[in-house]
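Work through the two exercises below with the structure in view, and try each task before reading its solution.

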Amino acid sequence: MDKSRCALVLAGHGSTLNPDSSGPTHLHAATIRARGIFAEVHVCFWKEEPSFRQIWRMVEADEVYVVPNFISEGYFTQTVLPRELGLNGPITERDGRVIKYCEPVGNHANMTGLLLQRAREVAPGVDLAAISLIIVGHGTGLNDNSARAIRDQVARIRALGQFGEVVDAFMEESPNVAEWDQLTTLKHVVVVPFFIADGLHSYEDIPVLLGMEAGATRQNPVPLRGRQLYYASAIGTSSLLADVILDQVAAFDEKHALAV
């Protein structure tokens, strides 16, 4: 991948309440920057600085790839980001610059490998066939796309036939993660948050819904409701996510090869 004349912009949500929220986006940007693939690598956020609208003052390259560091298509990737960045489609030509708007990182099929790795490492030594794997996301009744990326990943992992059970669960729609013991049947239950960062949702809200104490989430397994519960870090904290970001850039080039 030769992008030596291009810039890469990672666009994340960020948070005014939790400084750790933007940490993974900064980390993945630093990883990609160190590889020297792009002339420039920048980050921008909805809730932190630099903001989406500030980013164009920082970019010098005439060809720019924007990758949303979001889990799924939805309000932010389909409405907020295009509006704030001044985009009018997958390819925007403006002010002598070509801006290529990629799909959110969570949409890429290679996220499956990260989920499998995270699930295996959180319960070492446990036979995968004896594990109920729960991929948990936010979910919202306002946008069906919010849950689609998770359901797609669950279908892919289930089809591999490695884990005893694979189910989806959500914070704000059905099936609710608070009912995890009713959604699964096996003794060992691994829960992987399909979130970009270990923010308030994955570090406090979901553990409480599971019946654990907020923040006491890294001592696995936790005996709970007659099961052995294993709780992983958010999938977006995986160092391998930097590779999926680059995969999303390559996927854009392949999809729009005739249009460029």
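A residue is called buried under 20% relative accessible area, exposed over 50% and partly exposed in between, with a 1.4 Å probe and protein chains only. The model is predicted, so local features need pLDDT of at least 70 and side-chain atom pairs count only at pLDDT 80 or more, while totals for chains, interfaces and linings use all residues. Residues are numbered from 1 along each chain as its sequence is written, and side-chain values use heavy atoms, with hydrogens and water left out.

**Exercise 1.** Classify the pair formed by Tyr 65 and Phe 252, and state which parts the pair ties together.

Solution. Begin with the rule: rings of Phe, Tyr and Trp (its six-membered ring) pair if their centres lie within 6.5 Å, and planes under 30 degrees apart count as stacked, over 60 as edge-to-face and the rest as tilted. Because the centres of Tyr 65 and Phe 252 are 6.2 Å apart and the planes stand at 85 degrees, the pair is edge-to-face. Next, Tyr 65 lies in strand S3 (residues 63-68) and Phe 252 in helix H7 (residues 241-255), so the pair ties together parts that are 187 residues apart in sequence; helices (H or I, at least four residues) and strands (E, at least two) are DSSP runs, numbered from the N terminus. Finally, both Tyr 65 and Phe 252 are buried.

**Exercise 2.** Decide whether Tyr 75 and Phe 76 are buried, partly exposed or exposed.

Solution. Tyr 75 has 49% relative accessibility, so Tyr 75 counts as partly exposed. Phe 76, with a relative accessible area of 23%, is partly exposed as well.
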